[in-house]
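My entries follow in the order I made them.

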Amino acid sequence: MFNIIGCGNLNRCDDAVGIIVAKALQQFLAKQPHPHVYVYDCGTAGMEVMFQARGSKKLIIIDASHMNCDAGAIFRVPGKELSIQPNPSYNLHNFRWDNALAVGKKIFKDDFPQDITVYLIEAANLGFGWELTPAVKNAADSVIAEIINIIKNYV
């Protein structure tokens, strides 16, 4: 099983990029189904990321980043490089996808994917709004094309 998870907030301009990529991939799969490939919109819910990742052999996560570099820059990072233990908290909003990678591996052991790639797209605008900036839209289109290629070659 190959799971793809888009993360972000549709109400915060470029922060929506992961969800927008996921929706485009869902539309692709609706027209060209590929067995054992699933796409999920997990919003900002790290706990949902953890449970949707469970049982997959390959996992891709897409999200916006804010590292003060060029807007639209695309980073492909192995999941193990971004996996971090969560800080103790009573607020589930503080439990993010990077925490889900660490905790999911601990809880689900061999039933959690080893092959994890995270696509981070550098945001230009994280303010309130519903539109991606042009640089992030172009980057999203590139990531969509790249992941479609990965899906087509997934056996």
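**Threonine 133.** I started with threonine 133, which counts as buried because its relative accessibility is 18%. Buried means under 20% relative accessible area, exposed over 50%, and partly exposed in between, with a 1.4 Å probe and protein chains only. Threonine 133 sits in the loop between S5 and H5. Helices (H or I, at least four residues) and strands (E, at least two) are DSSP runs, numbered from the N terminus. I listed the contacts of threonine 133, leaving aside neighbours within four places in sequence: Asp14, Ala124 and Asn125. Contact means heavy atoms within 4.5 Å.

**Ground rules.** The model is predicted: local features need pLDDT of at least 70, side-chain atom pairs count only at pLDDT 80 or more, and totals for chains, interfaces and linings use all residues. Residues are numbered from 1 along each chain as its sequence is written, and side-chain values use heavy atoms, with hydrogens and water left out.

**Strand S1.** Next I checked S1, residues 2-7, where 6 of 6 residues are buried. Both faces are covered. Phe2, Ile4 and Gly6 lie on one side, and Asn3, Ile5 and Cys7 on the other. In general, side chains of a regular strand alternate between the two faces of the sheet.

**Partners of S1.** I then traced the pairing; two strands pair if DSSP finds at least two bridges between them. S1 runs parallel to S2 (residues 37-43) over 6 bridges. Phenylalanine 2 has valine 37 of S2 as its bridge partner. S1 is also parallel to S3 (residues 58-65), with 5 bridges. There, glycine 6 stands opposite isoleucine 62. S1, helix H1 (residues 17-31) and S2 form a right-handed β-α-β unit. Right-handed means that, with the strands pointing away from the viewer, the path from the first strand over the helix to the second runs clockwise.

**The whole sheet.** I read the order as S2-S1-S3-S5-S4: 5 strands, an open sheet, mixed pairing. S2 and S4 (74-78) are the edge strands, each pairing on one side only. S4 pairs antiparallel with S5 (residues 115-122) over 5 bridges. Valine 77 has valine 118 of S5 as its bridge partner.

**Helix H2.** H2, residues 46-53, packs on the sheet and touches S1, S2 and S3. Its direction makes about 170° with that of S1. Axes are lines fitted to C-alpha atoms, for helices over the stretch in contact; angles run from 0 to 180 degrees between N-to-C directions. Which residues of H2 are buried? I found Gly46, Val49, Met50 and Ala53. Seen down the axis of H2, they fall within an arc of 100°, so they line one face. The arc is that of the directions from the helix axis to the C-beta atoms. These buried residues pack against S1, S2, S3 and helix H4 (97-108). Just after H2, glycine 55 takes a positive phi of about 90°.

**Cores.** A nonpolar core is a set of buried Ala, Val, Leu, Ile, Met, Phe, Trp, Tyr and Cys residues joined through side-chain atoms within 4.5 Å. The largest has 25 residues; Ile4, Val17, Val21, Leu25, Ile62, Ile147 and Ile151 touch the most other members. H5 (134-153) is among the elements that give two or more residues. H5 gives the largest share, 8 residues. Apart from this core lies another, of 18 residues, including Leu59, Ile61, Phe108 and Leu120.
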